[in-house]
Amino acid sequence: MIYVTSTLAVTVFVCFIVAVLGLSWWLGRRTHSASGYFAAHGQIPWFVNGVAFAGDYLSAASFLGICGMIAFYGYDGFLYAIGYLAGWIVALFVVAEPLKQLGRYTFADALDARFQSRGIKLAAAVSTLVVSLFYLIPQMVGAGVLIKPLLGFSHATGVLLVGVVVTVVVVTAGMVSTTWVQFIKGGLLVAFCLLLTFMILQRGFRVPDQLTVTPVAADVAMQQGRVLTDPDWPDDAWLRVAQPDGSVVTWRRLPDGQVRRTQVVARRADGGVRVDGVPQGLGVGERDLVPVGAVAALPGGGRDTGALGPLEFLRVFNESTIETWTSEQRTLSSGDAVTIYTPRLQTGADLLQPGASPTFRGVRGKTLFEKLDFLSLMLALFAGTASLPHILIRYYTVKDVAAVRKSTVVGIGAIGLFYVLTLYLGLGAMTSGALDVTNNNMAAPLLARSFSDPLFAIISAIAFTTVLGTVSGLILAASGAVVHDLLTHVLHIELDDHEKVRAGKWVAVLVGVVAMLLGIAFERLNVSFLVGWAFNVAASANLPALVMLLFWPRTTKQGITWAIFAGMGSSLAWILCSAQAFRDVYGWSPDLAPVPFSQPGIVTIPLGFLVLVVVSLFTQPKGRTAAGA
Amino acid sequence: MTIPRIALWLFSLYLAVYIGFVGISAFAPAVMARTPIAGLPLSILYGVGLIGFAFLLAGIYLRATR
């Protein structure tokens, strides 16, 4: 779909960025020491840190990805929200306090507090770098996806814009400014989503006069223009009618002899894009995709519900019928790659149950095997939150254990509230008639635009700072891993505080550049797929080491080192060999993929534990006691 | 390095409830489709409930460890 650039959007946008940079610079003038740069002097108030947790955690994937997934597929998007939030319980009850008691700056410190082992430092630092990088890619891709339609820039420009702004923020001020950026972002996000939810409830549901999904008699369709024949479109399934204005409407034949209208996007070998047979555009002789998403039927047969309460909204949705859209891809004999979007009817009840989306369809299957992907993902999300290095690093920015608890509780409250709101945003978008059928990441901003343009401008800016905040946290975690763990402890390069800060800034720039390049290279990738990937790797690499260190006295340093590398390596290898990677990354046939399902967690997390136990048992120190014994 | 006992109890409780959610969704989907309260499906009640429950347990923990 084509988005017309709005001057208002650009202005609000620029003002936001200027404000954020200004704040960052001003706060940065007070940061001079390594502890200040990396851990904000340990002085951030717990409430601020808690809301900053929310700002950090609620990345582009949460905000854009979950809303978008709910808007297109219903409940399955919400599964991500449930899993992500549940992971905070692991963080609060199992990981947060021990971590605070152990280390100073990074996750590697915590793991290594007992053993002083270079092996552990190396493993943990590599793990931090790998996970941070994989979490960075979807953020950068998300930035490009966001900027492109909003400001009319190319994907690469969007990625560059985010990369440059974030790197400037991180380099000028380190953790202090990013904490405040996160705090502002977290607060704005929740406040704004509350407003939008209120507006959705006020609007209620309306059935439009015309629904694309409503079938039409084949004769009526044929009379609109000239019927075309084409071997690529067999006559038993398709009806193509050339219209007087030059476009071609493609109808799908239904069993009862009627036809249903579709939208067809063709990507030609020379790079041009055609919609329904003519070039994509808004001018004469051009066509653009029609925005979609509607309620087809309300309970009781009415056409407009008026304002609804939050419970009523869900109940009415559950009893309604919704017009949703499916897509299928084909390659024509001419070499064009076409995507055909077809409307269909789904009951609200169906959409509010797990398994309505292609990704999770298996959960409704008959065999245990089909459900493994769903089970594995729910495990990885639950275990992954507490294992993310850029979350863990935030535990070092508060004063003490009591502050850790308070800030995590505040964080859970803010994040939990936000996720409940995404349910309303997603369902509201699904029925708004404003969705871009080709791009589910834009569902939330487009929903806002269906209410008002200024609202759209603001949400675009907030979404942008969403990416800013998460990316800056990630770059910091990665930079901390390199300077503090790799340089100082593994390679024994001695630096004084001042040099460490400088090194940290150079590394931040380097990581920023790598992330930008990857974000540009991975443009076509699905954002949620990558985030799920990062969670699997984080949980497989970090969680076994953390947990066993706390609960099993016979854990040895070799056990920890091996467990981290085994978990990280196996989950990475699995993902790279998955059907989804084959299809979306390499462009190969998914049938060739060697692994049976896409989420490795259910295999690689236990594997990490197993490796740790086995290696530890083989490396028990003779005569002396092992950790904690 | 210690974790307070109450933390482990609360964690185990949450884990049980979470496993209940995942288990029912995967192995007894018809149960999730029922509408026990106010016409709302169990999937919604349980899902939102998990989110609220997390916050509740976190609050209890804060209270208990003051």
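User: How much area is buried between chain B and chain A?
Analyst: About 3,600 Å² is buried between chain B and chain A. Carbon and sulfur atoms give 79% of that area. Keep in mind that this is a predicted model.

User: Which helices of chain B supply at least two residues each to the side that touches chain A?
Analyst: Helix 1 (5-27), helix 2 (29-32) and helix 3 (42-64) of chain B each do that.

User: And which one gives the largest share?
Analyst: Helix 3 of chain B. It supplies 13 residues of the side that touches chain A.

User: What kinds of residues make up that side of chain B?
Analyst: They divide into 30 nonpolar and 8 polar. None is charged.

User: How many salt bridges are there between chain B and chain A?
Analyst: The count is 0. No charged residue lies on the side of chain B that touches chain A. A salt bridge takes a Lys or Arg and an Asp or Glu.

User: How many residues does each chain put into the contact?
Analyst: Chain B gives 38 residues and chain A gives 42 residues.

User: Let's zoom in on B:Ile6. Where is it found?
Analyst: B:Ile6 sits in helix 1 of chain B.

User: Is B:Ile6 buried, exposed or partly exposed, and why?
Analyst: Partly exposed, because its relative accessible area is 29%.

User: What does B:Ile6 contact, leaving aside its neighbours within four places in sequence?
Analyst: B:Tyr61, B:Ala64 and B:Thr65.

User: And how far is B:Ile6 from B:Ile51?
Analyst: Their C-alpha atoms are separated by 20 Å. Along the chain, the two residues are 45 apart.

User: New topic: strands in chain A. How many bridges join strand 10 to strand 11?
Analyst: There are 11 bridges between strand 10 of chain A and strand 11 (residues 337-347) of chain A. The two strands run antiparallel.

User: Which residue in strand 11 is the bridge partner of A:Ser327?
Analyst: That is A:Tyr341.

User: What sits between those two strands in the hairpin?
Analyst: There are 5 residues between strand 10 and strand 11 of chain A. In this hairpin, A:Gly335 takes a positive phi near 95°.

User: In which sense does strand 9 pair with strand 10?
Analyst: Antiparallel. Strand 9 (residues 294-297) and strand 10 (residues 321-331) of chain A pair over 3 bridges. A:Ala294 stands opposite A:Glu323 in strand 10 of chain A.

Terms used. Residues numbered from 1 in each chain as written. Chains lettered and ligands numbered in written order. Predicted model: local features only at pLDDT ≥ 70, side-chain atom pairs only at ≥ 80, totals over all residues. Heavy atoms only, no water. Contact = heavy atoms within 4.5 Å. Buried area = accessible area lost by both parts, 1.4 Å probe. Salt bridge = Lys/Arg side-chain N within 4 Å of Asp/Glu carboxyl O. Helix = DSSP H or I, 4+ residues; strand = E, 2+ residues; numbered from the N terminus. Nonpolar A, V, L, I, M, F, W, Y, C, P; charged D, E, K, R; others polar. Pairing = 2+ DSSP bridges. Buried < 20%, exposed > 50% of the residue type's maximum accessible area, 1.4 Å probe, protein only.
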